[in-house]
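Here is my note on the model, as requested. Please read it with the structure open.

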Amino acid sequence: MEGLALIPLVLSFPVGAFQLIIMFNVKKKSGIKVPVTTFASSAVVLAGVVLSLTGSSSIQLFALCLTIFLENLLLVSFFKSLMTETVSKKKAEPVQETVEVQPAVPVEIPEVSSLIANTIVSAGKDFVFQAADSFNRNSELNQLIDFINESLIREIKADGGAILLIDDFEDVIAVRSFSGSFPPPYKLPDDVPHKFIRVETHMRFAQFGLDENIFGQIARNGKPELITNPTADERIFQNEDEDFLKCGSYIIIPMVIKGTVIGVAALARSATSTPFSSEEFENAQVLTDFACASIKNVYSFQEYVEHSDLTRESEIAGKIQKTLHPQLLPAIPGLSMGNYYNPIDGVCGDYYDVLPSRNDRISFILGDIAGKGMNSLVIMVMIRAIMRLIVNTTQSASTILSWANRGIAIENNIDHFASLSLINYDSTNHKIQYATAGSNPILYYNAEKAAFEKLITSTEPIGVEKTSVYADKEIQVSSNDILVLYSDGLTEATNAQGKQYTAERLMAVVEQNKALTGKEIAGLVKTDIKNFTGSVHQHDDQTLLVIKIQ
């Protein structure tokens with residue numbers, strides 16, 4: 001039992017001695033105040049150990065030593081927490097220095113009282129929730145902006161507030177939300193009477209050049225401003241002496257999204273109210289940061305919805321368009337044909353067709369409709385329907401184009417047009433009659449002359465002017481002659497160096513392979529284009545139709 005009693009003593013003595021050494025070093029080097037009671041407790045512990053070793057009763061000795069040991073551990077724990085608290089307080093001491101306000105610098109919330117911080121964070125959450133509600137309601141951004149403006153006025157205890165957004169296209173900043181009493185810090189137009197309701201109405205719908213007044217200037221430099229003495233600020237214009245026009249204190253903060261200023265949030269107090277404090281200025285910056293994050297989310301959601309709508313529209317139009325092009329070229333005696341069709345993105349603007357209406361007329365059509373999307377698809381459907389109806393008549397190529405043009409141009413609400421090439425081939429006498437509208441040429445390879453010729457007439461595209469006149473041209477063709485119809489997306493395809501494929505290269509490939517069938521020639525052109533462009537993304541559709549006379 002006496003041996004066991006010595007164990008606490010052996011442990012207590014070095015712990016107590018170590019504690020005294022640590023306290024002396026801390027006091028000497030750090031300057032931290034160590035309570036006198038702590039030194040006294042450690043001294044008592046060491047004295048108790050010595051006295052216990054001289055005692056006679058082993059049981060008393062064990063109890064005394066155990067108590068001293070536990071006390072020593074408690075003192076060590078207390079001393080550790082005391083040091084931690086003292087060091088933390090020392091680090092938290094504010095450093096007095098002048099700090100220049102910088103644009104879009106987030107305010108450190110720990111510097112705000114806990115009650116105010118909770119209020120600010122709660123208001124910020126409300127911005128996010130309001131933005132989420134706008135997703136569900138599919139409402140406009142104006143409702144969120146109004147909510148933000150009212151919240152800023154309420155939380156900062158302003159008399160009035162306004163949110164102005166920049167219109168990049170017109171280089172102006174315009175009021176998008178206005179509420180409360182807001183003495184205008186700029187010169188009112190001469191035609192605005194100095195009456196409260198008229199001034200308020202003017203501000204609610206006002207827009208300014210970015211260099212016209214303080215709103216645009218702060219939006220330009222991106223630096224938040226706290227103005228407590230408007231008479232000393234040359235940017236503030238004092239209108240007449242009416243009380244509601246007297247300038248007071250202002251907070252104007254740029255609204256920044258992804259590094260770009262989209263507008264400003266402005267708060268005002270009248271001349272008779274207490275000016276805004278620096279703490280309120282900081283709180284307004286925090287709330288404005290929350291507001292910008294909420295607006296950014298709405299912008300992102302709107303972009304996503306718009307992209308989804310366009311993608312869905314494109315998918316629907318693409319499926320419809322697949323039914324408009326020939327799935328297989330028809331087998332026509334005396335002719336060898338091949339094609340290459342490469343729609344780049346979404347709805348293709350190119351249209352081609354082969355219509356064997358009767359023995360003395362086989363029609364070849366290739367069109368390039370301007371633009372993409374549903375409007376282009378509508379034009380394509382209309383042209384296809386008109387052409388399929390009329391080519392079966394005895395009308396000439398130019399008349400067919402004229403009728404198609406009037407049918408498209410009469411639709412004033414459709415702002416689209418198309419370049420179109422039409423060949424009518426008479427297999428009974430080996431003559432072709434052709435007419436073109438717009439810039440699409442027809443390449444004709446004369447086997448006898450071993451030379452190419454561009455067949456084109458200078459006319460306006462389909463749909464531009466309903467009085468446009470088109471001309472017929474006829475040529476005699478012979479065996480091994482080749483006709484090539486193509487869209488400009490094919491010859492304007494670019495490689496990694498930015499060079500275009502060109503019509504000259506197309507003609508060279510055709511001429512080099514003139515002995516092959518039309519299908520084989522079209523396949524070789526396709527391979528050559530892919531080798532030329534490589535992995536470079538193209539921006540226009542590519543369509544080719546090769547017709548070889550056998």
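The numbered points below cover the basis, the cysteines, a helix, the strands and the aromatic rings.

1. Basis. This is a predicted model, in which local features need pLDDT of at least 70, side-chain atom pairs count only at pLDDT 80 or more, and totals for chains, interfaces and linings use all residues. Residues are numbered from 1 along each chain as its sequence is written, and side-chain values use heavy atoms, with hydrogens and water left out.

2. Cysteines. The whole structure was searched for disulfides (two cysteine sulfur atoms within 2.5 Å). The search finds zero. Cysteine 247 is buried at 7% relative accessible area. Buried here means under 20% relative accessible area, exposed over 50%, and partly exposed in between, with a 1.4 Å probe and protein chains only. Cysteine 292 is buried too, at 4%.

3. Helix α9. Helices are DSSP runs of H or I with at least four residues, strands are E runs of at least two, and both are numbered from the N terminus. Helix α9 covers residues 374-390, 17 residues in total. The expected span is 1.5 Å times one less than the number of residues. That gives 24 Å for α9, and its end C-alpha atoms are 24 Å apart, so the two agree. Buried residues in α9 include Leu377, Met380, Ile383 and Arg384.

4. Strand β5. Eight of the nine residues in β5 (residues 249-257) are buried. Strands pair if DSSP finds at least two bridges between them. Strand β4 (residues 225-227) runs antiparallel to β5, with three bridges. Isoleucine 227 sits opposite tyrosine 250 of β5. Strand β6 (residues 260-269) also runs antiparallel to β5, with nine bridges. Serine 249 has arginine 269 in β6 as its bridge partner. Two residues separate the strands in the β5 and β6 hairpin, where lysine 258 has a positive phi near 55°.

5. Aromatic pairs. Rings of Phe, Tyr and Trp (its six-membered ring) pair if their centres lie within 6.5 Å; planes under 30 degrees apart are stacked, over 60 edge-to-face, and the rest tilted. The count is 10 pairs. Phenylalanine 182 and phenylalanine 215 make a tilted one, at 6.3 Å and 50°. Phenylalanine 182 is in the loop between β2 (172-180) and α6 (196-204) and phenylalanine 215 in α7 (residues 214-221), so the pair ties together parts 33 residues apart in sequence.

6. A second partner. Phenylalanine 215 is buried at 1%. Tyrosine 186 pairs edge-to-face with phenylalanine 215, at 6.3 Å and 65°. Tyrosine 186 is also buried. One aromatic cluster includes Phe182, Tyr186, Phe215 and Tyr250.
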